[in-house]
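Student: I am new to this structure and would like to go through part of it. Could we begin with a term that will be needed later?
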Amino acid sequence: MYRRDLLTAEIQKLAQVLARILGLKNENRDDEAAETFSESLRAFFDLTAAQLVLPENEFEALLDERNFEAGKVDYLGQLMHVQFDPALKTGENIALAKNLLLLYALLENKHHLQSFGNLSIQQQLKNFLSDADH
């Protein structure tokens with residue numbers, strides 16, 4: 001019970017951080033949004049932005065090593081999606097899209113967690129990657 005309460009509290013904090021990042025981006029305060037994003041990655045996941053764009057096999061190994069609970073994996077996906085820009089065809093953005101797809105596959109296969117929102121994001125990522133290949 002105690003562990004679940006801690007996880008619930010952490011997820012609530014993550015939701016607040018996600019809302020803050022989105023608010024900063026909407027206000028065109030991109031530097032503050034990037035700083036909040038980096039701090040949140042470090043504080044909640046012990047990750048850096050550079051680790052989110054590792055080659056797929058390295059990113060998958062990192063996720064396996066960290067063994068995050070389903071709720072944390074879902075929020076990591078949401079944080080990563082906030083950083084994804086479908087208008088940018090850069091190598092970093094393509095790597096982020098691929099790793100996001102990998103993360104959603106982990107949610108489905110390991111944690112048996114699916115949502116319409118995640119399915120929609122996956123379709124967006126697949127379309128982006130398909131267009132990026134052309």
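Tutor: A crossing is left-handed if the near helix is turned anticlockwise from the far one by less than a right angle, and right-handed if clockwise. Please note that this model is predicted.

Student: Which hand does the crossing of α2 and α4 have?
Tutor: The crossing of α2 and α4 is left-handed.

Student: At what angle do the axes of α2 and α4 cross?
Tutor: They cross at roughly 165°, and the axes come within 12 Å. Angles over 145 degrees count as roughly antiparallel, so α2 is roughly antiparallel to α4.

Student: Which residues meet there?
Tutor: From α2, F37, L41, F44 and F45 meet K72, Y75, L76, L79, M80 and Q83 of α4.

Student: And α2 itself, how many residues does it have?
Tutor: Helix α2 covers residues 30-45, which is 16 residues. From first C-alpha to last it reaches 21 Å, close to the expected 22 Å.

Student: Which residues of α2 are buried?
Tutor: The buried residues are A33, T36, F37, S40, L41, F44 and F45. Seen down the axis of α2, they fall within an arc of 135°, so they line one face of the helix.

Student: What does the face turned away from the buried side carry?
Tutor: That face of α2 carries the exposed residues D31, E35 and A43.

Student: Changing topic, where is L54 found?
Tutor: L54 lies in the loop between α2 and α3. It counts as partly exposed, because its relative accessibility is 24%.

Student: What is L54 in contact with?
Tutor: Leaving aside neighbours within four places in sequence, L54 is in contact with F59, L62 and N99.

How values were computed. Residues are numbered from 1 along each chain as its sequence is written. This is a predicted model: local features need pLDDT of at least 70, side-chain atom pairs count only at pLDDT 80 or more; totals for chains, interfaces and linings use all residues. Side-chain values use heavy atoms; hydrogens and water are left out. Helices (H or I, at least four residues) and strands (E, at least two) are DSSP runs, numbered from the N terminus. The expected span of a helix is 1.5 Å times one less than its number of residues. Buried means under 20% relative accessible area, exposed over 50%, partly exposed in between (1.4 Å probe, protein chains only). The arc is that of the directions from the helix axis to the C-beta atoms. Axes are lines fitted to C-alpha atoms, for helices over the stretch in contact, and angles run from 0 to 180 degrees between N-to-C directions. Angles under 35 degrees count as roughly parallel, over 145 as roughly antiparallel, 65 to 115 as roughly perpendicular and the rest as oblique. Contact means heavy atoms within 4.5 Å.
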